[in-house]
Amino acid sequence: MKKFKLAFLSIICFLTFNIITNAASKCDYSELVEINQEAAGVKVSYEEKLELLEKGEDGIGDFEEGKTPPDLYTRYFNVNISNLTDNLYVKIYNSVDNTTKIFSSSDAVNGIVSFKWDDIGDITNLTVRVYTSSKTNCSNEEVLVQQVTLPMYNYYSETGYCDRNPDDSICKQYVTKEITEEEFNQKVEKENKENLKEAEKTAKSERSVTNKVVKIVKKNKKGFIIGGSIIIVLGVATTIVVIVKRRRSRLI
C-alpha cells in the first residue's frame with residue numbers, strides 16, 4: 001500500500017512539474033533538460049596576460065637620449081568562456097564599468113570565447129547570465145546565473161617587506177579583498193618591532209660574553225701579565241737571533 005502511495009505521489013509531482021515547466025517556458029520538458037545540462041557546462045575563467053607597451057607610450061620613449069629604453073609590459077586578464085553551445089548565449093555584466101557584453105557560440109575560437117579586461121586595479125564582479133538562443137523553441141529565456149570575481153593586482157606585493165615575507169597573506173600578487181595602507185603599515189611596524197627585539201637580544205648576548213671575558217681577565221690578571229711578558233721576551237730573543245745571523249753572514 002505504501003509503495004502504491006509513493007508511486008502515485010511521484011506521478012503527481014512529475015505531472016505538476018511538467019505543467020509548471022510548460023507554462024513557464026515555450027520549450028517542452030525534454031528540451032529544457034537538454035538546455036539545462038548544456039548551461040551547467042558553461043564555464044567562465046580568467047588568466048593573467050602581459051602586453052608589451054609600444055615605444056613612446058606612457059613616456060617610454062623619454063628614457064635617455066641615445067639609449068634604447070627597456071621593454072615594459074602591462075598586465076591584464078583574459079576572460080574565457082567555454083562550452084557555449086549553439087542553443088545558448090551569455091550576457092556578462094561588469095560591476096566596475098557597468099557594461100554588459102553579449103557572446104554566442106559564433107564568437108568562439110577553438111571552442112573558447114575570450115575578451116580582455118585590463119582594469120586590474122579594482123576587484124571586478126562579473127554576473128554571467130545564460131540564455132536560450134534562437135535555435136531553441138524558447139529563445140531568450142534565462143537559464144542560469146553565475147557570479148565570477150576577478151581579483152585586483154596587489155601593488156604592495158612589489159615592496160621590500162613582501163620581498164622578505166613572500167608567504168604573508170598581505171603579499172599575494174592578486175587579492176579579492178583590497179589591502180589598505182593601514183593594514184600594510186601595521187605589518188611593517190610589527191616586523192620592525194620584532195627586528196628591534198632581536199637586535200637587542202643579540203646585543204645583550206654580546207655584552208654578556210664581553211663581561212664574562214673581562215671577569216676572566218680580572219680573575220687571572222697575574223697570569224695574563226706573565227704570559228704577556230713571556231711573549232714579549234720571546235719576541236725580543238727572536239729579533240736578536242735574526243740580527244746576529246745577519247751580521248755573521250756579512251762577515252763571511
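The notes start with conventions and then go through the strands.

I worked on a predicted model, where local features need pLDDT of at least 70, side-chain atom pairs count only at pLDDT 80 or more, and totals for chains, interfaces and linings use all residues. Numbering runs from 1 along each chain as its sequence is written, and side-chain values use heavy atoms, with hydrogens and water left out.

Entry 1, open sheet. I found 3 strands in the order β1-β2-β5 with antiparallel pairing; strands are DSSP runs (E, at least two residues), numbered from the N terminus, and two of them pair if DSSP finds at least two bridges between them. β1 and β5 (112–117) are at the edges with a single partner strand each, so one side of each has no neighbour in the sheet. I looked up the link from β1 to β2 (residues 73–82) and found 10 bridges. In β2, Tyr76 stands opposite Lys49.

Entry 2, β6. I checked burial (under 20% relative accessible area, 1.4 Å probe, protein chains only). In strand β6 (residues 124–132), 7 of the 9 residues are buried, so the strand is largely enclosed by the rest of the structure. I noted antiparallel pairing of β6 with β3 (residues 88–94) over 7 bridges, and with β7 (residues 142–150) over 8 bridges. Thr127 is the bridge partner of Tyr93, and Val148 that of Leu126.

I list Leu50 as exposed because its relative accessibility is 52%, and exposed means over 50%.

Methods:
Helices (H or I, at least four residues) and strands (E, at least two) are DSSP runs, numbered from the N terminus.
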